[in-house]
Amino acid sequence: MGTVVLYSSVSVDGFVADGNDQPGPLFDWLTSGDVPLDDSGALKVSQTSYDYIRPYWDRIAVTVVGRHVFDLTDGWDGTPPSGIDHVVVVTHRPAPEGWDAEAPFHFVEGVEAAVAKAQELAGDRVVEVAAGDVGGQVLAAGLVDEVRMDVVPVVFGSGKRYFGSVDAQHLLEDPDVVLQGDRVLHLRYRVRHGVRAAGDRSG
């Protein structure tokens, strides 16, 4: 099975969007450099960010998102973002009326079933889980292997939390990647499985 990675750009105080679902400056680092990140010409980053992000993006086969993100993006018009092969949508509702059944999107109820479907589709490549409520549920279910954060120097004060509504402690390893890009700090943590945080008596 491939690695399951929880990932997003995030504010210093832990938000992936403001209260209106707007990212503000969280993605400015993706357009402020001089090294093209893909063939679109729209994304340009520093060389440091490119050397870290591009190999990671190339390993992603499937992205897991919630129905809220799917609806916000209008399902990316049926084409998975950033060259990803498949999108698994965690939802209690069916696909939208008129949705192209041939599009590589899979509507699955519950995070455990969604991750299992994503791993089946991904093989030994990466399953990326979008941070937020669904990402927090996947972490709480013990299904996340890595937490990746692109920390942007902004304080939101309130908004959509990186880990959603997670209310229990989860221990991470020391970061094995700490890279400073242009207006972004790239961090990567492995998740400690089977180790309960001090003071956590849940479960």
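Helix H4 (residues 133–140) lies across E1, E5, E6 and E8, and runs at about 125 degrees to E8. Contact here means heavy atoms within 4.5 Å, and axes are lines fitted to C-alpha atoms, for helices over the stretch in contact, with angles from 0 to 180 degrees between N-to-C directions. Helices (H or I, at least four residues) and strands (E, at least two) are DSSP runs numbered from the N terminus.

The model is predicted: local features need pLDDT of at least 70, side-chain atom pairs count only at pLDDT 80 or more, and totals for chains, interfaces and linings use all residues. Residues are numbered from 1 along each chain as its sequence is written, and side-chain values use heavy atoms, with hydrogens and water left out.

**The sheet**

- Eight strands form an open sheet with mixed pairing, in the order E7-E6-E5-E8-E1-E9-E12-E11; two strands pair if DSSP finds at least two bridges between them.
- E7 and E11 stand at the edges with a single partner strand each, so one side of each is left without a neighbour in the sheet.
- On average, neighbouring strands of this sheet are turned by 20 degrees against each other, direction ignored.
- Strands of a sheet pair through backbone hydrogen bonds, either parallel or antiparallel.

**Strand E8 and its partners**

- Four of the five residues of strand E8 (residues 126–130) are buried, so this strand is largely enclosed by the rest of the structure. Buried means under 20% relative accessible area, exposed over 50%, and partly exposed in between (1.4 Å probe, protein chains only).
- Strand E1 (residues 4–11) runs parallel to E8 and is joined to it by four bridges; Tyr-7 stands opposite Ala-130 in E8.
- Strand E5 (residues 60–66) also pairs with E8 in the parallel sense over four bridges, and Val-62 has Val-127 as its bridge partner in E8.
- Five bridges join E5 to E6, which run parallel; the partner of Thr-63 in E6 is Val-87.

**Salt bridges**

- The count comes to nine salt bridges, each defined as a side-chain nitrogen of Lys or Arg within 4 Å of a carboxyl oxygen of Asp or Glu.
- Asp-58 forms a salt bridge with Arg-54, with the closest N and O atoms 2.7 Å apart. Both residues lie in helix H1 (residues 47–59), four residues apart, about one turn of the helix. Asp-58 is partly exposed at 46% relative accessibility, whereas Arg-54 is buried at 16%.
- Asp-71 forms a salt bridge with Arg-93, the closest N and O atoms being 3.1 Å apart. Asp-71 lies in helix H2 (residues 67–72) and Arg-93 in the loop between strand E6 (86–90) and strand E7 (105–108), so the pair ties together parts that are 22 residues apart in sequence.
- Asp-176 and Arg-188 meet through their side chains in a salt bridge (3.0 Å, N to O). The pair links distant parts of the chain, with Asp-176 in the loop between strand E10 (160–161) and strand E11 (177–180) and Arg-188 in strand E12 (residues 185–190), 12 residues apart.
- Salt bridges that share partners join Arg-67, Asp-71 and Arg-93 into one network.

**Asp-150**

- Asp-150 is located in strand E9 (residues 146–152).
- Asp-150 is buried yet has no salt bridge, and the nearest side chain of opposite charge, Arg-148, is 7.1 Å away. Lys and Arg count as positive and Asp and Glu as negative, while His and the chain ends are not counted.
- The side chain of Asp-150 makes a polar contact with that of His-186 (2.7 Å). A polar contact is a pair of N or O atoms within 3.5 Å; within protein, one must be able to donate a hydrogen and the other to accept it, and residues adjacent in sequence count only if both atoms are side-chain atoms.
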